[in-house]
Amino acid sequence: MSPNIGITPKNLKKSASILATILSNEMTLYVKTRKFHWNISGNSFMELHKLFEEQYRILEAQIDEVAERINQLGEKTIGTMKEFIDNSTLKESPKEYASQKNMLSELLENHEQLVTEFRSYIPIFENETNDAGSADFVTGLLQEHEKMAWILRRYQV
Ligand SMILES: [Fe+2]
């Protein structure tokens, strides 16, 4: 049964498809942040090992919220690694093990890219799909990414 919340079925689908892209990117960044948590080495090992854990836990919570919001809009939520990779705009680096410095700059760039992409989605929710709930929801996600980016940026010297 489709949700009767004042958004047309076509617009519900469009909102959900933007959210599926967001979900895929959150998954990619979650896995990448875990990889860096596992492989970090260097003089700030324990500090960054813990920082990356703190950030992947935030991403994990976001993932669940985004997935459930897609369901709330009446759509099925993708849930395979293949679909996440296919729908992700962030790139992975298989077989590569970045230095501490490059891990920090790669994560920073990824968070900044998501902040920029999310900002571009907000007017679509507001003006095209009539989905104020998703506009507000994605604004909240954007703010969390801005905060994670700020922390990572403080390590750039
Ligand atoms: Fe761990």
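Visitor: How do you know how helix H1 (residues 9-39) and H2 pack, and at what angle?

Guide: Happy to start there. In this predicted model, the axes of H1 and H2 lie 9 Å apart, at an angle of about 160°. Angles over 145 degrees count as roughly antiparallel, and therefore H1 and H2 are called roughly antiparallel to each other. The crossing in which H1 passes H2 is left-handed.

Visitor: What are H2 and H4 to each other, roughly parallel or roughly antiparallel?

Guide: Here the axes come within 12 Å and cross at roughly 20°. Angles under 35 degrees count as roughly parallel, so that is the name for H2 and H4. Their crossing is left-handed.

Visitor: Which residues in H2 meet which residues in H4?

Guide: From H2 come Phe45, Leu48, Phe52, Gln55 and Leu59, and from H4 come Gln100, Met103, Leu104, Leu107 and His111. A pair counts as a contact when heavy atoms lie within 4.5 Å.

Visitor: What makes the reach of H1 close to the value expected at 1.5 Å a residue?

Guide: H1 has 31 residues, and from its first C-alpha to its last it reaches 45 Å, against an expected 45 Å. The expected span is 1.5 Å times one less than the number of residues. Helix H4 (residues 100-128) passes the comparison as well: with 29 residues it reaches 42 Å, close to the 42 Å expected.

Visitor: Why is H1 called largely enclosed by the rest of the structure?

Guide: Because 22 of its 31 residues are buried. Buried stands for under 20% relative accessible area.

Visitor: And Ile70, does it count as buried or exposed?

Guide: Ile70 lies in helix H2 (residues 45-72). Its relative accessibility is 2%, so Ile70 counts as buried, the limit being under 20%. Not counting residues up to four places away in sequence, Ile70 touches Ala16, Leu19, Ala20, Leu23, Glu75, Lys76 and Thr77. Ile70 and Ser17 are 53 residues apart along the chain, yet their C-alpha atoms are separated by 8.2 Å.

Visitor: How do you know whether His145 is buried or exposed?

Guide: At 0% relative accessibility, His145 is under the 20% limit and so counts as buried. This residue belongs to helix H5 (residues 132-153). Leaving aside neighbours within four places in sequence, the contacts of His145 include Glu26, Leu59, His111 and Phe118.

Visitor: What makes Lys95 stand out in phi?

Guide: Its phi is positive, about 65°, although Lys95 is not a glycine. Most residues other than glycine have a negative phi. Lys95 sits in the loop between helix H3 (81-87) and H4. Its 79% relative accessibility is over the 50% limit, so Lys95 counts as exposed.

Visitor: Which residue with a positive phi follows H4?

Guide: That is Asn130, with phi near 55°. Asn130 lies in the loop between H4 and H5, and it is not a glycine.

Visitor: What does the UniProt annotation "coiled-coil region" cover?

Guide: The unreviewed UniProt entry places it over residues 49-117. In the model that stretch is 71% helix and 0% strand, with end C-alpha atoms 27 Å apart. The UniProt record also has "domain: Ferritin/DPS" over residues 19-154, again from an unreviewed entry. Over residues 19-154 the chain is 79% helix and 0% strand, and the end C-alpha atoms are 29 Å apart.

Conventions. Residues numbered from 1 in each chain as written. Predicted model: local features only at pLDDT ≥ 70, side-chain atom pairs only at ≥ 80, totals over all residues. Heavy atoms only, no water. UniProt positions renumbered as here; feature names shortened; annotations may be inferred. Helix = DSSP H or I, 4+ residues; strand = E, 2+ residues; numbered from the N terminus. Buried < 20%, exposed > 50% of the residue type's maximum accessible area, 1.4 Å probe, protein only. Axes fitted to C-alpha atoms, helices over the stretch in contact; angles between N-to-C directions. Parallel < 35°, antiparallel > 145°, perpendicular 65-115°, else oblique. Left-handed = near helix turned anticlockwise from the far one by under 90°.
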